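Subject: Structure handover

Hi,

Here is the structure we talked about. Please open it first, then read my notes below.

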Amino acid sequence: MLAELLLKWPLIRQIRDRADGTGAEAMSEATRNLRPKHDGAEVARSICPYCGVGCAQLVFHRNGRLIGIEGDPESPISRGHLCPKGADSFELVTNPTRITKVKYRAPFGHEWIDIDLDTAMDMVADRLWQSRERTFDQKFMHTTAVAHLGGATLDNEENYLIRKLFTAGLGMVCISNQARI
Ligand code: SF4
């Protein structure tokens, strides 16, 4: 009985397995049955939203719920690594204190109010179009009243579309994509 118990002791099993070269039995049944939290989950490939390095991410989800975000080992840029900011992307999405409303203060107003993102985007689009209509120069076919300043996370494809939409579509000439890194 005692010998049986001793043989189940991981230390004894480790020594014994090392001696016979198997090594596998040093792991308990419970440890052997442990599975990663994203085991069997669906995965989508994405890019870290924070900076222009563009590290690749694997986004694990199951039944419409985000499970985890990790570095993509197949990325030639980051090879599975993420810096502390990128490694915290999961919390960026799931943190209950995440800000989901837009702060808006009306012209001449004194109070900030919360509005939802769709409303804010409609307001931006309306103002952009009004400014463009008011200032469009028919002779030169452009407006200098509206400008665009990009961010470091914009990639080549996004900058291409921005350039197309804002110059050919809206006639804007003041565009900086901030591709300087
Ligand atoms: S993981 Fe870090 S270095 Fe990579 S893109 Fe994100 S913020 Fe930049």
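What is the strand order in the open sheet, and is the pairing parallel or antiparallel? The order is 1-2-3, and the three strands pair in the antiparallel sense. Strand 1 (42-47) and strand 3 (65-71) are the edge strands, each pairing on one side only. On average, neighbouring strands of this sheet are turned by 25° against each other, direction ignored. Bear in mind that this is a predicted model.

Now the pairings. Strand 1 and strand 2 run antiparallel and are joined by six bridges. Here I47 has A56 in strand 2 as its bridge partner.

Strand 2 covers residues 56-62 and pairs with strand 3, also antiparallel, over six bridges. H61 has L66 in strand 3 as its bridge partner. R62 stands opposite R65, again in strand 3.

The hairpin of strand 2 and strand 3 has two residues between the strands.

Next, the ligand. Which residues are around it? Cysteines come up at C48, C51, C55 and C83. Y50, V53 and L82 are also there.

How does the shell around the ligand split by class? Seven residues are nonpolar, three are polar and one is charged.

Best wishes

Technical notes: Residues numbered from 1 in each chain as written. Predicted model: local features only at pLDDT ≥ 70, side-chain atom pairs only at ≥ 80, totals over all residues. Near = placed C-beta within 6 Å. Nonpolar A, V, L, I, M, F, W, Y, C, P; charged D, E, K, R; others polar. Pairing = 2+ DSSP bridges. Helix = DSSP H or I, 4+ residues; strand = E, 2+ residues; numbered from the N terminus. Axes fitted to C-alpha atoms, helices over the stretch in contact; angles between N-to-C directions.
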